[in-house]
Amino acid sequence: MANELRFKTARDLFMACPAVSSDMVALPTEQPSIEFCRALLAGRVPEEAITFCAYLLPERAAVWWAHECLSHLIVVLDRRDQELLALVRDWVSEPDSPHHRPEMSKAAAMPPTTPAAWIALAAGRHGNGSAMEAVSALQPPARAVSAGVLAGLARVALEDRFSVLSAFVEMGIQMAEIEALRQSADAT
């Protein structure tokens, strides 16, 4: 499976996405991407596995992964974040719908001060107007995805944080493997 990922090794990802170097302390290796991600999780700064997943996944899949992560934290999110998650869910299901563009542009133009606002910012990259300008400083959207998931994780009780972090990373790995299968099937 790992051979079908869009980035076979950690070094491949770092080469294709130079911004990841400024978002992580870990240095790339020739390890397969999934192994590298799990090594990050087991390492000194396990949160870097979240950042690595955000870059590993294609943009739309990364936004969906972040949505799913935050959906598991609904009890620590306020009403506005829950509304933003609903917008993100609708956008992921129909990203080209003209109905979603104004809503996502408006959401993405808000200051990203909450977990779901970061995710809306990443999704808004595909919008137009002010959303595009707002996201331009955060290229690539993986940075906003990572920030949103990590901001949500910061709201989890300390004693539960590592198990939630591990579950999020495993979900990201599964999504990367599913995306690899989907892209492989599309290519044939």
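Modeller: Residues are numbered from 1 along each chain as its sequence is written. In this predicted model local features need pLDDT of at least 70 and side-chain atom pairs count only at pLDDT 80 or more, while totals for chains, interfaces and linings use all residues, and side-chain values use heavy atoms, with hydrogens and water left out.

Biologist: Is Leu 41 buried or exposed?

Modeller: Leu 41 belongs to helix H3 (residues 33-42); helices are DSSP runs of H or I, at least four residues, numbered from the N terminus. Buried means under 20% relative accessible area, exposed over 50% and partly exposed in between, using a 1.4 Å probe and protein chains only. Because its relative accessibility is 10%, Leu 41 counts as buried.

Biologist: Which residues is Leu 41 in contact with, leaving aside neighbours within four places in sequence?

Modeller: Contact means heavy atoms within 4.5 Å. On that basis, the partners of Leu 41 are Pro 46, Ala 49, Phe 162, Leu 165, Ser 166 and Val 169.

Biologist: Are H3 and H4 roughly parallel or roughly antiparallel to each other?

Modeller: Axes are lines fitted to C-alpha atoms, for helices over the stretch in contact, and angles run from 0 to 180 degrees between N-to-C directions. The axes of H3 and helix H4 (residues 48-56) come within 7 Å and cross at roughly 155°. Angles under 35 degrees count as roughly parallel, over 145 as roughly antiparallel, 65 to 115 as roughly perpendicular and the rest as oblique. H3 and H4 are therefore roughly antiparallel.

Methods. Helices (H or I, at least four residues) and strands (E, at least two) are DSSP runs, numbered from the N terminus.
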